[in-house]
Every structure is written in C-alpha cells, then in structure tokens.
Amino acid sequence: MDYISTRGSAPALDFAGATLAGLAGDGGLYVPRAWPRFSDAEIAAMAGLSYAELAQRVMQPFVGECLTPERLLELTRAAYGRFAHAAVTPLVQLDQQHWLLELFHGPTLAFKDVALQLLGLLFEEFLSRSGGNLTIVGATSGDTGSAAIDAVAGRAGIDIFMLHPKGRVSDVQRRQMTTVLAPNVHNIAIEGSFDDAQAMVKRMFNDAAMTDRFAIGAVNSINWARLMAQVVYYFAAALQLGAPARKVAFAVPTGNFGDVFAGYVAAKMGLPIERLIVATNVNDILHRALSNGDYSQGTVTPTAAPSMDIQVSSNFERLLFDVGGRDGLALAAQMRGFETSKAMQLTNAQREGAAALFSSARGDADDMMRAIRWAFVETGETIDPHTAIGLHAARTAGIDPATPVVTLATAHPAKFRDAVEKATGIRPTLPGRVGDLFEREERLVDLPGDYAAIAVYVAAHATLKV
Ligand SMILES: *Cc1c(COP(=O)(O)O)cnc(C)c1O
C-alpha cells in the first residue's frame, strides 16, 4: 500500500514513510492510494478475536510490506497490554438503542491513547531501521499532548515538542503533560488558541530552514497511522452488535475530524455503518459545513469540552479529497482559498458525498449538562463533557429505533471533574493508574504566540535528523 497527498504534488510514500513524515511536503495529508476492502465473510470471521488480534487483522492491509503480520501482532499486543481494561475498548449498554464505547482505559484517560500507544512503537521500529532522529512537533487542545508524551517519553531517537494554549487546558490535562520529566519531552505553553498553535505546527512542516536540519514528525491526527489505529474500534464495537449482518450508527464527539474519519474508513473497508453522527459543541464549523456546505472559520469559544474547541478541522481535508473525486490539484486550490479568506463553500460532489454517510448535530452547555445528568440518573454511568456532546447528538439524530447507536466515550470523566460534579453532584475520582499527579513537579516554558519564537526554541533543543 502506498500513500498519496490530498494536494496532489508530494511524492507517494510507503507506510513507514507516511508514518514518519506526518504532513506531506505540499501541505496536504497522506491517504492510502486505494481503500482495502473486507468481504462480509472476512468481517464475520473477526468475531471473537482479542483486541490486539483484531487490530492486526484490520491494519495489515494498510501496513503492507512494512511489517510482517507476526511483527505487527507483537506491536499491537505491546500497545494494548498497557490498557487498564482487559477488553481494551469495552462496550456498555445505556438503553435498548444506545451504547457507550469506552475508549479511555489507556494510560492518560482519553481515546488518543488507543492510537498513540501504537504510534510510539511504530516510530521506534522505523527509526531503528533507518538510524535517524525524529523531532515531533505537535499542538494539543488537551488530550493529544499527554497521550503523545506518554507514548514517546524516554524513547531513543525521538524528541517531542508539545504546544498547548496557555490557560485553556484543564489542570489534569496540563499536569499529565508537564509532570513527565524525561529529557526528550519539551512542553510549551503559548499565548493564543489551539488553532493558533496548530497553525504554527503546520508552518514548521513547510519551513525549509527547519526541515533541512530536522526530521519533523507529527503526532496530531494529521498522521495517517493514528487514524488507521482508530479504525479498529469501530470494527470491535460493530462486531459485538451483530456486524456484518446488522448495521450500526456511531455518534462521535468531534474536533479535528480524526476520530470520525476513522469511522468513514471503516465503512470504506466494508463495515456496514448506517450513519456517522458528527457531534460538535458551539464551535460548530463542521455542523455548518455538513448541513449547508458553509466551511467558514468562526472564533473559538472556550467550553467545558476543550478538545472540541476547534474551528479548523485538519482531517476534514481527507474527506473532501475522497468524496470530491480525489483531485489533489483542485483541492490544493480550494484549500489555498480557504487559508486566505478563512471560508469556503463545499462543491456539490463534496456535499452529496458527505451527506451519504454523515449527519451532524450541535450541542451547547445546557445540552451537555442534560446529557451528563440523563446518563447518571437513568443508567448510572458517569460521562465526561465530550462524551455528553456525543450522547446528546446520538439521542437527537433521529436514527431508526431498530439500529443500535454507539456513542464514542472519548475521555474518562475524572479528566473533567468540575463539569461532571456540576451536573451530577459527585466529584469523580482519578483512577489509581494516574498516581500522585497533583504532587509531582511540573516543567514547561511559556512562549509568545509567535512562530519565530517557537522555531528558535525547537532548533535550540532538537537533535539533527542524521
Ligand atoms: C481529541 C478529542 C476529541 C476530538 O477528536 P478528533 O479526532 O479531533 O475529532 C473528542 N473528545 C476528546 C476527549 C478528545 O480528546
């Protein structure tokens, strides 16, 4: 399997190359040249596999020759062995139609561990073959940062620079990043929003003064390998609910469109998915784009679900590429227009292609509180604010009552204790695996929201690529 850029001019890469590259040199994102497809019989035969075995089965077509099936299985066993739940991503029933897929049993309590624990191992594997060094530069609205840092702390050949918007992540989120004192971990608090941080990261990938000296890698969901790892749990959930014989719908708390795009990939691979419901909070660019084709950037409103406080969703470009006829040069022109005017209109092909599988819903602070309370009172489950936006969307999407709807539970409720306590009256306790988070020493630097300052800092602390 090789990987091509959504903007049509970067060279194609194999899986290892795309994993280490992150963003393509032409500013696009890597996607597989074609979608591998499983038959119904092949999907039926996946029932009963362990999570690590299922992960190997689903991901092997994307990995191609870069890892043998035996080696890939060793890596998935190592990655998912660190989860606190034996099922890795357990499915919990809420009522006769609704289910929660708990994706927060990894080391940092958010779904991002599912992909990043594997990605850390893939980086190490591919770097040890080439003998090079990787400089990971990422932006986080809260959860990516800690999951990425946990996945690569202390690993040979890797430095990680993680930017977060100062004061806009929760205490638990910040401490999960800044209390990791491994010398290859560099936390940077910047003045500005997540979108400002992400724009600076993207700029670094296209800055020859940096890329000539450093191999800049990505852990944000612009990295294809992350999305690939997330495809697995759509299979895991659907198989438990009767796939391939029965269709399932998914409601996905969405920010950068990575998690829900993995659902789209699962559908492309043959998993029978009835609907993918994109749940947004009041930062609703995706809801507007999917409901009337208007992809225009607003200003970010901080909410109790900070990982969804995003006005530019990087991975939406992958969907626009795929449903818009895979014309990289046309998409490059469209995206350049967006970058200049901060707004674009989807083409008819893009709108119709997206509408075939995606619905969307927007939830505000009241909807979120009501959903947390409903889950708590009616089912005894405590859910976090992101999951609550998803559950609100799931319960208002008008899905046929005969179709099971799975809401992706993307964070552990203890990660957002204030909001949960406000809704339920009970303060969730941090699971033991997080340990003495509030006693540990923190290490971070404050920098202005200015690209030059970030580039100087990274260049001063990173290791040359060879
Ligand atoms: C990252 C994150 C999201 C958004 O996921 P995307 O892949 O960016 O759409 C939602 N909820 C939580 C808790 C997250 O950490």
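Trainee: Which atom of F257 lies 3.1 Å from an oxygen atom of the ligand?
Mentor: A backbone N or O atom of F257 lies at that distance of 3.1 Å from the ligand oxygen. Keep in mind that this is a predicted model.

Trainee: How far is the polar side-chain atom of K112 from an oxygen atom of the ligand?
Mentor: The distance is 2.5 Å, from a polar side-chain atom of K112 to a ligand oxygen. The side chain of S307 also has an N or O atom 3.4 Å from an oxygen atom of the ligand.

Trainee: How much of the ligand does the protein bury?
Mentor: The protein buries 97% of the 380 Å² that the ligand exposes when taken alone.

Trainee: How many residues surround the ligand, and which are the closest?
Mentor: There are 14 residues around the ligand. The closest are K112, D143, G255, N256 and D259.

Trainee: New topic, salt bridges. How many does the structure hold?
Mentor: The structure holds 22 salt bridges. One of them joins the side chains of D2 and R33, at 2.9 Å from N to O.

Trainee: Where do D2 and R33 lie in the chain?
Mentor: D2 is in the segment before β1 (3-5), and R33 is in the loop between β2 and α2. The two are 31 residues apart, and the pair links distant parts of the chain.

Trainee: What about R175 and E442?
Mentor: Their side chains form a salt bridge of 3.5 Å, N to O. R175 lies in helix α7 (residues 171-178) and E442 in the loop between α18 (417-424) and β15 (445-447), so the bridge ties together parts that are 267 residues apart in sequence. R175 counts as buried at 13% relative accessibility, whereas E442 counts as partly exposed at 26%.

Trainee: And R288 with D294?
Mentor: That is a salt bridge as well, at 3.5 Å from N to O between the side chains. R288 counts as buried, with 18% relative accessibility. D294 has 23% and counts as partly exposed.

Trainee: Why do 18% and 23% get separate labels?
Mentor: Buried means under 20% relative accessible area, so R288 at 18% falls below the cut-off.

Trainee: Which residues are linked in a network of salt bridges?
Mentor: R71, E74, E125 and R129 are linked that way.

Trainee: Where is R7 found, and is R7 buried or exposed?
Mentor: R7 is in the loop between β1 and α1 (15-21). With 7% relative accessibility, R7 counts as buried. Its side chain makes a polar contact of 2.8 Å with the side chain of E317 and another of 3.2 Å with that of E339.

Trainee: On to the rings. How many aromatic pairs are there?
Mentor: The structure holds 18 aromatic pairs. F38 and F235 make up one whose ring centres are 6.0 Å apart and whose planes are at 90°, so this pair is edge-to-face. F38 lies in the loop between β2 (30-32) and α2 (40-44) and F235 in helix α10 (residues 224-240), so the pair ties together parts that are 197 residues apart in sequence. Both F38 and F235 are buried.

Trainee: How is the pair of Y295 and F338 arranged?
Mentor: That pair is tilted, with 5.0 Å centre to centre and 50° between the planes. Y295 belongs to strand β11 (residues 294-296) and F338 to helix α14 (residues 328-341), 43 residues apart. Y295 is buried at a relative accessible area of 2%, and F338 is buried at 4%.

Trainee: What lies over the face of W374?
Mentor: R395 does, at 3.8 Å from the ring centre.

Trainee: Last one. Where does N292 lie?
Mentor: N292 is in helix α12 (residues 285-292) and counts as partly exposed, at 39% relative accessibility. N292 and Q345 are 53 residues apart in sequence, with 8.9 Å between their C-alpha atoms in space.

Technical notes. Residues numbered from 1 in each chain as written. Predicted model: local features only at pLDDT ≥ 70, side-chain atom pairs only at ≥ 80, totals over all residues. Heavy atoms only, no water. Phe/Tyr/Trp six-rings, centres within 6.5 Å; stacked < 30°, edge-to-face > 60°. Helix = DSSP H or I, 4+ residues; strand = E, 2+ residues; numbered from the N terminus. Buried < 20%, exposed > 50% of the residue type's maximum accessible area, 1.4 Å probe, protein only. Lys NZ or Arg CZ within 6 Å of the ring centre and 35° of its normal. Salt bridge = Lys/Arg side-chain N within 4 Å of Asp/Glu carboxyl O. Near = heavy atom within 4 Å. Polar contact = N/O pair within 3.5 Å; in protein donor to acceptor, adjacent residues only side chain to side chain. Areas by Shrake-Rupley, 256 points an atom, 1.4 Å probe, with all protein chains shown as cover.
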